[in-house]
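Hi there,

Here is the structure I promised to pass on to you. Have a look at it first, and then read my notes below.

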There are 2 protein chains.
Amino acid sequence: MKTQTILLKNRPEGKPKLSDFEFTTEDSIETISSGEMLLETAYVSVDPYLRGRMSDAKSYVPPFELNKPIHSGVVAKVIDSKNDKFSEGDYVSGMLDWKTQQISKVEDLLKVDASKAPLSAYLGILGMTGLTAYCGLTQIGKPQAGETLVVSGAAGAVGSIVGQIGKILGLRVIGIAGTDEKIDMLKSKFGFDAGINYNTTDNMKTAIAEAAPDGVDIYFDNVGGPISDAIFFSINKFARIINCGAISVYNNTELPKGLSVQPFLVKNSALMQGFIVSNYVEKFPEAMKQLSEWLAEGKLTYTETIVDGFDNIPKAFIDLFEGKNKGKMIVKI
Amino acid sequence: MKTQTILLKNRPEGKPKLSDFEFTTEDSIETISSGEMLLETAYVSVDPYLRGRMSDAKSYVPPFELNKPIHSGVVAKVIDSKNDKFSEGDYVSGMLDWKTQQISKVEDLLKVDASKAPLSAYLGILGMTGLTAYCGLTQIGKPQAGETLVVSGAAGAVGSIVGQIGKILGLRVIGIAGTDEKIDMLKSKFGFDAGINYNTTDNMKTAIAEAAPDGVDIYFDNVGGPISDAIFFSINKFARIINCGAISVYNNTELPKGLSVQPFLVKNSALMQGFIVSNYVEKFPEAMKQLSEWLAEGKLTYTETIVDGFDNIPKAFIDLFEGKNKGKMIVKI
């Protein structure tokens, strides 16, 4: 048996290319030591934030090293275990390398229950994606029933959950996405009140104002850039803006330019808060409980784009920046 | 006797002009009703935020009406009183019209004590200016000893107090201002650790990085625009940015463009919070007590630019946008 690994070959300039990644093959591991376990990768999560880690710009998260394996959220099957916590046949989730097989210690891995939800859900609505949506919206957005929420990247993994939680909490929810098909899905499948296709809308500023006649109280921003700029003209006093991502500028090689937002913040006593879910670890138990309940009650639904095959991980990642995914992008091995 | 009044004649386009203001004269008031008092204006505060109220753009503070008196912070002498709270000869502060004399009810006026501090101080360090500096820095900045604070508009009324409070609280304090004379004053008079003259500095980004070798934890932003953009490259994880003003763009007739700040906020889990002191009224008693103590102990000092004469109010206001003031700009009547 052979084990395959995906390494970061080059730091991407602009949009990542297939040639930025390298596949290597080695003999599979036969023996493990006490305390370890051998894992076989089942599902791999590809996410926009990984683009940041491929750069070596100053950041408090260390960048991926060149010629070393990339890692992300993974669900794997335990195929051999020499520890007490997990047994052969268990499934676990955690941050793991892009490898078909790997040895792991037990720290930072969670057991996942395939009988309660499909395994891929533990990379999405019951994983970092769901936690990001829940913690960002509730902890920074502090939603009050009757308020208006705008979500960008609304058809994406996080955005579609944010919008649904917004509806559960009694908000008017407006989604922004890039195709009419996605807009239809936001309304018919996820219950959004309104949707705006930024690719077919000439004047985003007017479109936002029309969709949010009472102004915008919360903006869950997954994209940054010009789409986000249009929101500032409609924000209400004490608006809360959750800066969860800036996918629209991650591939920029030049400094992103846009609207100077300061006057809008001053005028409206508005908040912008950069958000990363790992700052809210103490909220995870509450969030998981709530998300599981809503999912079991049928109040939450989700969409996945599942791509087949380990070889297709780099392409699936690159496709994120073309908006080719609906909901969570996952590669099944 | 005649009473003079300054009306808003035109909504300024770009920088305000003298012709945007109109002086009128009428006979002085002779009699007042029960509960009222007659005030003679002593000191008038001119402040950058008034520029916003001269526009009719959507805002939660209603704009000044055309052909009506402008108002701002004023210290006035009670020259006739028909209420129990104030007596002839008292001095009061509050939001009052730009008139040499006016009738006022007692609500929203505070008695000020000329024996404890000069009257003009009640428009500055013991007025909205001091409260703005104290509440913004402590409530949003949440300073921790040893952190680094950058202040823009540092030689201005608010900025110079922010920097001094920062030093009292054990921060490294860097001020940004527009002349070498102001930079000298920041360091020699107000105790700033470092100063940057944005008019003589080619690369603000590098200058900030050098002045803040440990990065920037708190940025008290009075100016917005390109000067503020340079700070984002040096912000630390969990940085707090207090958006107190954006004087650099108040006179823009086109939409302000600049750096897209979202990626910096996401990467650093950083906060930007639009700030207006009136949101923190419940903190005013604590703030006034602390500011008075520090002033009495000689830990705080302040600079005023006092212009003489009611006729010069519009010019003093316009001069704010040329940076002609050092510290609080006040007109003495």
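Let me begin with a term: a salt bridge is a side-chain nitrogen of Lys or Arg within 4 Å of a carboxyl oxygen of Asp or Glu. This is a predicted model, where local features need pLDDT of at least 70, side-chain atom pairs count only at pLDDT 80 or more, and totals for chains, interfaces and linings use all residues. Residues are numbered from 1 along each chain as its sequence is written, chains are lettered from A and ligands numbered from 1 in the order in which they are written, and side-chain values use heavy atoms, leaving out hydrogens and water.

By that rule there are 32 salt bridges over all chains. In one of them, the side chains of B:D27 and B:K2 meet at 2.7 Å, N to O. B:D27 lies in strand β2 (residues 21-27) of chain B and B:K2 in strand β1 (residues 2-8) of chain B, so the pair ties together parts that are 25 residues apart in sequence. (Helices, H or I with at least four residues, and strands, E with at least two, are DSSP runs numbered from the N terminus.)

Now to the place where the chains touch. Contact, meaning heavy atoms within 4.5 Å, takes in 43 residues from chain A and 44 residues from chain B. The buried area is about 3300 Å², with 56% given by carbon and sulfur atoms; this is the accessible area (1.4 Å probe) that two parts lose on being put together, summed over both. How many salt bridges are there between chain A and chain B? The count is zero.

The strands also link the chains. Two strands pair if DSSP finds at least two bridges between them. β13(A) and strand β13 (residues 257-259) of chain B pair in the antiparallel sense over three bridges, and A:G258 stands opposite B:G258.

There is also an open sheet of twelve strands with mixed pairing, in the order β10(A)-β9(A)-β8(A)-β11(A)-β12(A)-β14(A)-β14(B)-β12(B)-β11(B)-β8(B)-β9(B)-β10(B). β10 (194-197) of chain A and β10 (194-197) of chain B stand at the edges, each with a single partner strand, so one side of each is left without a neighbour in the sheet. From one strand to the next, the twist averages 15°; angles run from 0 to 180 degrees between N-to-C directions, and axes are lines fitted to C-alpha atoms, for helices over the stretch in contact.

Within chain B, strand β11 (residues 216-221) and strand β12 (residues 235-243) run parallel, joined by five bridges. There, B:D221 stands opposite B:N243.

Enjoy exploring!
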